[in-house]
Amino acid sequence: MDAIILQILNGLDKGSAYALIALGLTLIFGTLGVVNFAHGALFMIGAFCAVTLQKILSLSHQVVDESRKDFLGNPLKVDVPYIYEWFGETTGQAIIDWSVPLAILFSIPIMVLVGFAMERGLIKHFYKRPHADQILVTFGLAIVLQEIIKYFYGANPIPTPAPDAFTGSFDFGVLLGFDPFTIIYPYWRLIYFAFAMIVIAGVFAFLQFTTFGMVVRAGMADRETVGLLGINIDRRFTIMFAIAACVAGLAGVMYTPINSPNYHMGMDFLVLSFVVVVVGGMGSLPGAVLAGFLLGVLESFASMAAVIDIIPGINQIIIYLVAIVILLTRPRGLMGRRGVMEE
Amino acid sequence: MLGLNKKDSTLLLIVAVLALLAPFILNPFPEGSSLAQFNAGYPDLMQRFVIFGIFAIGFNILFGLTGYLSFGHAAFLGVGSYAAIWMMKLLTLNVIPAIVMSIIVAGLFALVVGFVSLRRSGIYFSILTLAFAQMSYALAYSVLTPITGGETGLQLKATDRPLLSNLAEGEIGRASLFGVDMRTSFELAVGDWLWTFNMGYYIAAVVMLIAFYVSMRIFRSPFGMMLRAVKSNQQRMNYTGLNSKPYTLAAFVISGMYAGLAGGLMVAMDTQVGPERMFWTASGEVVLMTILGGAGTLIGPVLGAGLIKYMENIISKINSGILHEWFAFLPDGLEDALVFMVYPFIGKGWHLTLGIVFMLVVIFLPGGLVEGGQRIARLFRKKKADTPSDKDPEHHPKPTPHVAE
């Protein structure tokens, strides 16, 4: 029983990342009808926003410290981040420590800008082209973005730790009446899950309860009619693209303490996220979220030692296997709508 | 000739001549000159040109004709490679059984994958093929290690005892064709020029020519016509009472066999396999090649494969020292600025160049390099056609009224 709960928990954080990326992908597909292979790159750019903010905050200059001597007896030169001088040492340290959560604020304007630039600059011209062309051009864009990041940040993963307050683990077992240390779960993963839920709820609430969201939903259902009513649906869809980029970026920012970001993390996630979208059903937002969590949890179940003993290697292929089975039995995915992406 | 019309025969002849004279054509610069690094005429790279050419030709039969975008073709290449190396480990070091085996195994695998994947079309098809390829990659990497060698892959080892080859104790076998080592090379030096004629390359080139000829016949056959019909409007095709599934499945299997052939040839050249050959980026690469060259055209995929492999091997070798050498004639500040601007696109950044070129091609030249060539040719032809037209009234008769007045 405790093992099962542990696996569910383990699956949730990966599932949250899948769900967030898949949500963004589906938003873009549902509104603009574009299959965006560069979405993983947006996730990666978000992660590198966190890296950049950490670097900016730790910008420092050398100061001669008279009170300490190095081994030659000269006054020691120490690197002092500017931020220590501005806010004092304790506050400064805390700010650097909290750079990942702060990067959320930092990344939102950047992701919105990137999203706008992408949609207006490139994707706009591909609405009328076949899906294969859209896949190809965004695939090319993903390569370009990835290489640009690689040029500036190098090919190695850059560790971006979570704030000290969240580095420990949480003992779930005690809470549920099991023995201590049976179900241990890192705090940051819990936070990631909670954060993902908030973002997902935010996006759904935005679509459900605002006039803007209503218009967007109407546009997703029947773009032409909404246009005939005199609403500039294109502009709203552009904004939705920026929001989708933002969601992917935020998922990336918060993921950095779990896995140190490197330039190809986006591609690694993209392939799986596409599988998630297709399993959930093209164009269905709840489907994307559901499938994201489902596949995340399934993946972690499949990596249990007991399961691997029965079917070796299942942890590597479970997601693809599920995708194949679902696509063949439920061609529209779990919650796909009729008439979306059907020839 | 060979059941081809005049135009196709000419194309085949041109390709044959280019492939056979490639050691000369790809080594235009004398050894030791500053341009020698642009020489691509060394056996390893030339083999890659033709092998990936075969891979792309096969992919084009599926994508170019039917429009089904497979993102998992590298799996067939990998499976073919594994089949080939096992033939060489167990049966004989002769490459022919290995290559035949790789085609058969890849074809069977493609039959299974295709049978399942082709039940869906569009992006679903792409994801399904991608899922199958990633699954094969993950399995080759982990559970199937006894068969695939896992992360280290498979090589010919001193302990291998192929049934039909007499190897001395402790001798590591080498791929051969009826006793002729694939690595045999003949070097011809004329003045400063050095040309290498490699046995392996010529075998691969001949296979490539055969593959190219077969794809030409497929393109011109009624079967090819059916595949084009699938691309242009599958629904209408179904309404007229034709079942399109056997045609697409056949195309899928044929292109899988081409991929297996390429994999088998790769093993014949370097006698090693690793699972990274099946990773999805490898599938992405063949997509890039085909689109870059021109999907749906005969020669396009070969051009695209050549271009990408050339860039991968030549551009990635340029470093900032070489750039400084090139721009040395400029004033210092300008030289540094220029090197600074060009630097991200060369050396390790060649993928950036590739990505940009690829995006530009998709945006402006959906037909790839071949369409680019055709447009340029048309430009010239138009100029030629324009000038005499004024003096030639016979071909531009004045419109006559339709109804007699």
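Modeller: The answer below starts with the whole of the second chain and then moves to its parts.

This is a predicted model, in which local features need pLDDT of at least 70 and side-chain atom pairs count only at pLDDT 80 or more, while totals for chains, interfaces and linings use all residues. Residues are numbered from 1 along each chain as its sequence is written, chains are lettered from A and ligands numbered from 1 in the order in which they are written, and side-chain values use heavy atoms, with hydrogens and water left out.

Chain B has 16 helices and six strands; these are DSSP runs numbered from the N terminus, with helices being H or I of at least four residues and strands E of at least two. The C-alpha trace of chain B spans about 100 × 70 × 40 Å along its principal axes. Of its 405 residues, 52% count as buried, where buried is under 20% relative accessible area, exposed is over 50% and partly exposed lies in between (1.4 Å probe, protein chains only). Chain B exposes about 19,300 Å², with carbon and sulfur atoms supplying 67% of that area; the areas come from the Shrake-Rupley method with a 1.4 Å probe, and for residues only the protein chains shown count as cover. Among contacts in chain B with a separation of 6 or more, 71% join residues 24 or more positions apart, a contact being heavy atoms within 4.5 Å.

Next, the start of the chain. B:Ile14, B:Val17, B:Leu18, B:Leu20, B:Leu21, B:Phe24 and B:Ile25 make a nonpolar surface patch of about 570 Å². Two elements of chain B, α1 (6-20) and α2 (22-25), each give two or more residues to this patch, and α1(B) supplies the largest share, four residues. Patches are made of residues with over 30% relative accessible area and no salt bridge, joining like charges within 9 Å and nonpolar side chains (Val, Leu, Ile, Met, Phe, Trp, Tyr) within 5 Å. B:Ile14 sits in helix α1 of chain B and, at 45% relative accessibility, is partly exposed.

B:Arg220 belongs to helix α8 (residues 199-220) of chain B and B:Asp8 to helix α1, so the pair ties together parts that are 212 residues apart in sequence. B:Asp8 is buried, at 5% relative accessible area, whereas B:Arg220 is partly exposed, at 46%. Side chains of opposite charge can pair when their charged atoms come close; the cut-off for a salt bridge here is a side-chain nitrogen of Lys or Arg within 4 Å of a carboxyl oxygen of Asp or Glu. Over all chains the structure holds 11 salt bridges.

Another of them links B:Arg48 to B:Asp44, with the closest N and O atoms 3.6 Å apart. These two are four residues apart in helix α3 (residues 43-66) of chain B, and therefore separated by about one helical turn. B:Arg48 is partly exposed at 29% relative accessibility, as is B:Asp44 at 41%. Elsewhere, B:Glu285, B:Lys309 and B:Glu312 are joined into one network by salt bridges that share partners.

The largest nonpolar core has 232 residues, of which A:Phe139, A:Tyr192 and B:Ile54 touch the most other members. Helix α1 (residues 2-32) of chain A gives this core its largest share, 16 residues. A core is a set of buried Ala, Val, Leu, Ile, Met, Phe, Trp, Tyr and Cys residues joined through side-chain atoms within 4.5 Å. Neighbours within four places in sequence aside, B:Ile54 contacts B:Ala204, B:Val207, B:Met208, B:Ala211, B:Tyr258, B:Leu261, B:Ala262 and B:Leu265.

Two loop residues remain. B:Arg120 is placed in the loop between α5 (95-117) and α6 (122-141) of chain B and is buried, with a relative accessible area of 15%. Residues up to four places away not counted, B:Arg120 touches A:Leu327 and A:Pro331 of the partner chain as well as B:Tyr68, B:Phe125 and B:Leu128. B:Thr271 lies in the loop between α10 (245-270) and β6 (272-273) of chain B. Although not a glycine, B:Thr271 has a positive phi of about 45 degrees, and B:Thr271 is buried at 17% relative accessible area.
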